[in-house]
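Visitor: I am new to protein structures and would like to learn how to read one. Could you take me through it step by step?

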Amino acid sequence: MSMVINADSDCLFCNIIEGKIPSTKVYEDDYCYAFRDIAPQAPTHILVIPKEHIPSADALDSGNSSVAARCLEAIPKIAKGEGLENGYRIISNVGPDAGQSVQHLHFHLLGGKRMPDQMI
């Protein structure tokens, strides 16, 4: 079981990291946790989240941006492990207008098919 730094007991992702809510883990290291999305938007849809509770990319600063960098460094490893040799897409939503439904920084790793040229 992992520990979340600055955990929010009401946060879905903090509870997933701590093992209180089940997930299908794909990757874990000291800084991030990755699991399969329960409502996949592509054949491969993995959420990569920091173990530190950071509400969104808007909350990144010089004191915590290295945590986000560690997540981004993990993504190529995860993608390789998933066989995403022809590419993948990374998305991070910020705020309600962008569709952020969980207030914990996360990166959607999408792949396994040719993505449309348009982002939306």
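**Reading rings, charges and shape**

Guide: Let us start with the rings: the count here comes to 2 aromatic pairs. Rings of Phe, Tyr and Trp (its six-membered ring) pair if their centres lie within 6.5 Å; planes under 30 degrees apart count as stacked, over 60 as edge-to-face and the rest as tilted. Keep in mind that this is a predicted model, where local features need pLDDT of at least 70, side-chain atom pairs count only at pLDDT 80 or more, and totals for chains, interfaces and linings use all residues. Residues are numbered from 1 along each chain as its sequence is written, and side-chain values use heavy atoms, with hydrogens and water left out.

Visitor: What kind of aromatic pair do Phe-13 and Phe-35 form?

Guide: A pair of aromatic rings is described by the distance of the centres and the angle of the planes. Phe-13 and Phe-35 are edge-to-face, at 5.6 Å centre to centre with 75 degrees between the planes. Phe-13 belongs to helix α1 (residues 12–17) and Phe-35 to strand β2 (residues 32–36), so their pair ties together parts that are 22 residues apart in sequence. Helices (H or I, at least four residues) and strands (E, at least two) are DSSP runs, numbered from the N terminus.

Visitor: Is Phe-13 buried or exposed?

Guide: Buried means under 20% relative accessible area, exposed over 50%, and partly exposed in between (1.4 Å probe, protein chains only). Phe-13 has a relative accessible area of 4%, so Phe-13 is buried. Phe-35, with 5%, is buried too. Tyr-33 and Phe-35 form a tilted aromatic pair, 5.9 Å centre to centre and with 40 degrees between the planes. Tyr-33 is also buried. Ring pairs link Phe-13, Tyr-33 and Phe-35 into a cluster.

Visitor: Which ring does the charged end of Arg-70 sit over?

Guide: A charge sits over a ring if NZ of Lys or CZ of Arg is within 6 Å of the ring centre and within 35 degrees of the ring normal. For Arg-70, the ring is that of Tyr-31, and the charged end is 4.1 Å from the ring centre.

Visitor: How many salt bridges are there?

Guide: Side chains of opposite charge can pair when their charged atoms come close. A salt bridge is a side-chain nitrogen of Lys or Arg within 4 Å of a carboxyl oxygen of Asp or Glu. Here the count comes to 5 salt bridges. One of them joins Glu-18 and Lys-20 at 3.3 Å, N to O. Glu-18 is buried, with a relative accessible area of 10%, whereas Lys-20 is exposed at 57%. Lys-20 lies in the loop between α1 and β1.

Visitor: Which residues are linked with Lys-25 in a network of salt bridges?

Guide: The network links Lys-25 with Glu-28 and Lys-51. Within this group, the side chains of Glu-28 and Lys-25 meet at 3.0 Å, N to O. Glu-28 is partly exposed, with a relative accessible area of 29%, and Lys-25 is partly exposed as well, with 48%. Another salt bridge is that of Arg-114 with Asp-117, where the closest N and O atoms are 3.9 Å apart. Arg-114 and Asp-117 are exposed.

Visitor: Which residues form a nonpolar patch on the surface?

Guide: Patches are made of residues with over 30% relative accessible area and no salt bridge; like charges are joined within 9 Å, and nonpolar side chains (Val, Leu, Ile, Met, Phe, Trp, Tyr) within 5 Å. Accessible areas come from the Shrake-Rupley method with a 1.4 Å probe, and for residues only the protein chains shown count as cover. In this model, Leu-72, Tyr-88 and Ile-90 form such a patch, with about 250 Å² of accessible area together. Ile-90 lies in strand β4 (residues 88–91) and is partly exposed, with a relative accessible area of 38%.

Visitor: How many helices and strands does the chain have?

Guide: The protein chain has 2 helices and 5 strands. From the N terminus on, these elements run α-β-β-β-α-β-β. Buried residues make up 42% of the 120 residues. Along its principal axes, the C-alpha trace spans about 40 × 30 × 25 Å.
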